[in-house]
Structures are given as structure tokens and as C-alpha cells.
Amino acid sequence: MSIDGPALLVVDDNDDNRYTLTRRLTREGYTNLTTATNGREALDLLQSKPFDLILLDIMMPDMNGYEVLERMKAGGELHNIPVIMISALSEIDSVIRCIELGAEDYLPKPFNPTLLRARVGASLEKKRLRDDVKASLARLEQEMDAARKLQLGMLPLYFPACTPEQPVEIHALMETARQVGGDLYDFFYASERLFCFLVGDVSGKGAAAAMFMARTRSLVRMAMQLWRKTSGDPVSPAHVVESVNHELCQNNRDRMFVTLFFGVLDTKTGVVTYINAGHLAPCLLHASGSIEPINEKPAMPLAVRADTVYQERTVTLLPGDAVFVFSDGVTEAMNAAEELYGNERLQAELCATSALSSEEMVQAIKAKVDLFSGDAPQSDDVTMLALRWRPVGANCKSATPGADQYFEAKQSMPLPQTTHIVIRNDAEELAALTTAMERVGAEHDIPEKSLFQLQVALDEMVSNVIKYAWPEGGTHDIDIHITVRDEGVAVEIIDDGRMFDPRDAPKRDKLLPGQRPLAGGVGVQMTKKLVDRIGYARIGNRNHTTLTKLCVLNPAALGREKT
Amino acid sequence: MSKTALKMQDTDTGEVCIVSIGGRIDSSNAVDLLDRLNVLLSSGKKTILLDFKEVLYLTSAAFRVLLVATDEAERNTARIVLCGLLGQVRELFEMGGLLEAFTVHGSREDALAKL
């Protein structure tokens, strides 16, 4: 409302009525008055300046009261301005129609001073309250936005490059369900050699959770710093977590708690020392594409009991191995049918990303989760952190799979052992693939039956690529990486043809635009039975399809001792 | 009322007040459980046995309520004991690392024998 008092617009084609109304309103103390003689003029005025209340006649030439109401209530800012209809008492049906169209009230002609005062006063009061609520909400939103920026500012958004001295490729993201969230991630070098990383999830949501999250994040950082300053000993994750826990337990009558996975990677040896305080088991992703949860029985979350003793555990990474830590917003993402994204789906899709950089991995999974949830609203914060250990000797560049440098990176790693072949999109090239598979099979002593099943499956998938991936024809390369680890064999097929996710095969009658039809469908179904896992990711313009066959290999043939 | 809605029923044996909980405990109804427990504590109940046998699912909101209620019980020199944690519900306690945060007995009969 302006300093001239509430702005009123009087719309009536009758000069006497306008005169009487404005005079009476002035007498009531309303001086900020504007008049219009028809609907069109009124709408023009409404566009040109803000009003707090409109007194509107129904029957007027050149756009009547109904039309003005309809236009105003159709949307936009005008929607919120209250309208009082002016009408003769005999026009009660018209008044009802106007109320139905969104008018606030009506004023019978001839004008009664008491009714005029009461109705104008009430409408203006309601408008003022609505405006106040809106202003408060806007203020609150501004506050929350500021809080959000502050919170996101606490999370590192700069991801240090992977170098021979700091051989960790790291990426993370957090997306909050509300303006502020209760998830957190952090990472930093605690010394030249030790790389710390953590993901946490505070119970509850909203501002309280966000503040608890901020407290946790700062305490971990401070505890690490103090430890380094005051103790000559190597960092002990358990001690750090214990002191943070102790501090979080103070003044915690609301009983907030936070689950935390806190890991310290020794970048020289690949040993990760970790504490899992009630957090979801992260995934250890081997360079071959196989995956396992880092699944010890989790300890108690932080802030539950001040005297909790945390046990350190360790897991050893091989060069090129990755760790994926996440919050339950990932696995509990829900689609419209109220199905959960789930751990199995996550693991399968992580397998397909095993060849990617940490950043690509995080983005691929994010895209998969988004695709899965569709339009369903995000109910929980989503946090993911991926790190890959690439010690000297391994290529540190983020590589697009299929690129030569990536292959070299894999080759330069002592393990897993990868064979890479490139074939053209010609069915006659399949023989080269068979030869390569037989060679790998013999070298690694792969059980005959497993090798045979994998070969048949591979033949199906690659034939499918050759047949359907490039409808426009032409010569194209298909990259095939065969990786052998002690738990089995993974074969990754990479092509730049049309998008095709073999896991969608059952829905073959509902092909999406851009999807290619299946080789009879039977082929893919059979492939699914022949191998233990089919992974898929569309990265850039390439399909990455991974077939994994689990089998027991002769450890001697792998050329190293089993870990 | 839906099949998964939170249900609570008290039975007082004199020594022990048993609360049978059923359905799903989540952030929308966890506070109802807390209110119930607070009423029992302030009415002077000293031993409250929560039977989770019929619970289908619980979220971290439920854990928080249990922790808050346990604190309140301590302040009243009372105690809250859990029993009937089975299958998936027990796994949720384990996965959350929270099994050790409470006094937990096996079945209701086991619990009553020990209390």
C-alpha cells in the first residue's frame, strides 16, 4: 500500500454513480482514488499501476464487469486484487455469477454508507493480511536461500586434479530435497600422503538438520587439524571420529544423529582406513567392472552415545579401483509407482561406469537416478562421492572409454589384466573376437563352460550392435575390453551407434524413439541367462555394454596371489 | 486406516507396561509414538516394553524418537526396553548401527522373563 493510503479503482459507466461513490469514499478517508468508465479502460489502468481494491459495475458498454473479472482471474498478478461488484439489488443472480467468478463481495445500489464502509474495509483488511503473508514467505525464502548458499559453500566444489603426487581422482555432488539439507560430503589431504573423504547424513530434515550438518562438517575438519598440530602420530580416523562424536553429543536433547562414512586413503599403498558410523555401505568398484560393498557391520552413528568406541577397518584398493560413497537419497529415490531405485540397480549401473572417470561416474549415476524417478518429487537429499586411486604408472587423465589413452592406462596397471581389441561393424570380424576370447580363456585358465557361455553371449550382443547400431550404414569401430579378475571375466563393448540399453529388452513392443529393435529379442533374453550381469551406460554418444561372467579361476593363472 | 498406519496398544501387567507397535513408523507419525511414551512416563510407568513384532518398517525418525524417549525415561528413573525385533526391522537397526543403543531382548516372553 502506498503512502497515499490504499489505491482504489472505481469502474462504472454511470457518471452519477462514479461521482457518488468517489465522494463517499473520500468522506471515509480514501483519497487515493482512480475512476474508469468501462472495462477496457479499467484493465488498461490495472496494467499501468498497482491497486488494492476494485469497485466494479456489471453492466457497462465496451467490456462489462464479467469480462473484466474473467481476465483478472485468468492468472498473473491481477488475480490477487480483491473486487467488489456494484449492482442493483434486483441483479442478485448476476452478483452470484460474479462471486463464482472470483469477486470478493458486492455492494448494492443505491449506496448505503455503513455497508460501503464495512465492505471496503473488510476487503482491504483481507488484502493487507494476504500481502503480509506473502511478504513473510518471501522473507523466509530469502533467508533459506542465504542458508542454502552458505551450506553449499561449505562443501568443496573444487576437485583437485589427479597428479603423480596426489594420485586421487575425486568428484562429488549433493542435491538437497529442500532448500537446505542434512547431507554432507567433504574431502581433503590431511598430509602429503593421506587423503580423507567422508559422506554423512543427518537424521531429520530442514533447518535443524542443516545446522547439525554444518556442525559435523566443521568438527571433523577441526579435529583433523588439531590432531595434526598436537600429535606427531599418523592420523587415526577412530580418534577423530570419537572426538567429533563426543562433541556432537553435547546439548543434543533433540537427539539428532548423523551417519558418517569417514575414510582415509594412503595414496602410496592404496589402503583405506575407515570408520562406518551407521552409514550405508559404500561400493568398492574394481577396474574390471566388478563391484562389492564395503560391508562390515556398521558402528553406531555419531551423536548417539558420547562414549562410543569406534573400530578402524581397512580395505585395500588396487590401482584403478574406485570407491563410491552415497547417501540413502540415492537408493531410496522413488519413482511415480513408488518403487525404490534400490541397491541392486545402483550396483548394476555402477558396474557399467567402472571405466569412467570419477566425475563421469557421479554424473552417470545422477542421470540414472533422475531418469528412474522421472517426475516424482525428490524426497531426500542425494549425495554421492566417487574417488579413484591412480598411483604412478597408471594414467591419471580422465579418459573417455574407448580412447587409446584409457586403454594404455589399463595396460599400465599391473592388474586387472585387460585385453583390448577393435573390430569393424562387419559380421566377418566376429571371428577375431572369438580368437581373442579363446586366447584369453587359455591364458587365464577360464573354465570351459563359463568361457563358452560368455562367448555365446558376447557373440549375440556384438552381432546385435553390428546389425542395428548404424542404420545409416558406413564403417564403424567397436571397442571390446576383456578384463579378467579372480572372480570372473568382464567384457565391455563400446560403440558409437544408436542408443540401446539391453536391459530394456522385455519391453520390445514399446520402443522409444532412437532405440533400435532387438535381434529378435530372443538373443538378448538368452544373453541375460548366459551371463551373471549386464551393465549399460550411455556416455556421450557411445553405448557401454558390460557382460560379466562370474567363475572360479585358477589363482596361479592370474599370476598373483589372492588377496 | 491403512494397513501400514502406525498402531499402538498398551497392556499393563502391573510390573511392566507393554506397548505393542504395528505398521510403519516414519517422520509423519513418529511423534505420535513419542507422545504415547511421554504420557506413559509421566503417568509414572517405570518399565515400558516396546514390542516391535508387528512393525513393518521404520525410518531414522523412529530411531530419534526412541532415543529421546530413552533419555526421558532415564530422567524419570524409568527404563524403555525393546523386544520382537525381527527380520527386516532388526536389519534396519543393525544397518543403522543402532542395535547397541538400546536394551533389546528377543521375544516378548524372553523380555518379560528377564524384566
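This is a predicted model: local features need pLDDT of at least 70, side-chain atom pairs count only at pLDDT 80 or more; totals for chains, interfaces and linings use all residues.
**View 1. The cis peptide bond at A:Lys109 and A:Pro110.** Here we zoom in on the peptide bond that joins A:Lys109 to A:Pro110, which is cis, with omega at about -5°. As for where that puts us in the fold, A:Pro110 sits in the chain A loop that runs between β5 (105-109) and α5 (113-154).

**View 2. A:Met63 and its positive phi.** A:Met63 isn't a glycine, yet its phi is positive, near 80°. Look for A:Met63 in the loop between β3 (53-57) and α3 (65-73) of chain A. Around A:Met63 there are 16 other C-beta atoms within 10 Å, so the residue counts as partly exposed: the cut-offs are 20 or more for buried and 12 or fewer for exposed.

**View 3. B:Thr77, with a positive phi in chain B.** Over in chain B, phi of B:Thr77 comes out near 45°, again a positive value in a residue other than glycine. The loop in question lies between α2 (60-75) and β4 (79-83) of chain B, and B:Thr77 is part of it.

**View 4. Where chain A touches chain B.** Chain A puts 13 residues into the contact, and chain B puts in 14 residues. On the chain A side, the residues that touch chain B split into 7 nonpolar, 3 polar and 3 charged.

Conventions
Residues are numbered from 1 along each chain as its sequence is written. Chains are lettered from A and ligands numbered from 1 in the order in which they are written. Helices (H or I, at least four residues) and strands (E, at least two) are DSSP runs, numbered from the N terminus. Two residues are in contact if their C-beta atoms, placed from the backbone, lie within 7 Å. Ala, Val, Leu, Ile, Met, Phe, Trp, Tyr, Cys and Pro count as nonpolar, Asp, Glu, Lys and Arg as charged, and the others, Gly among them, as polar.
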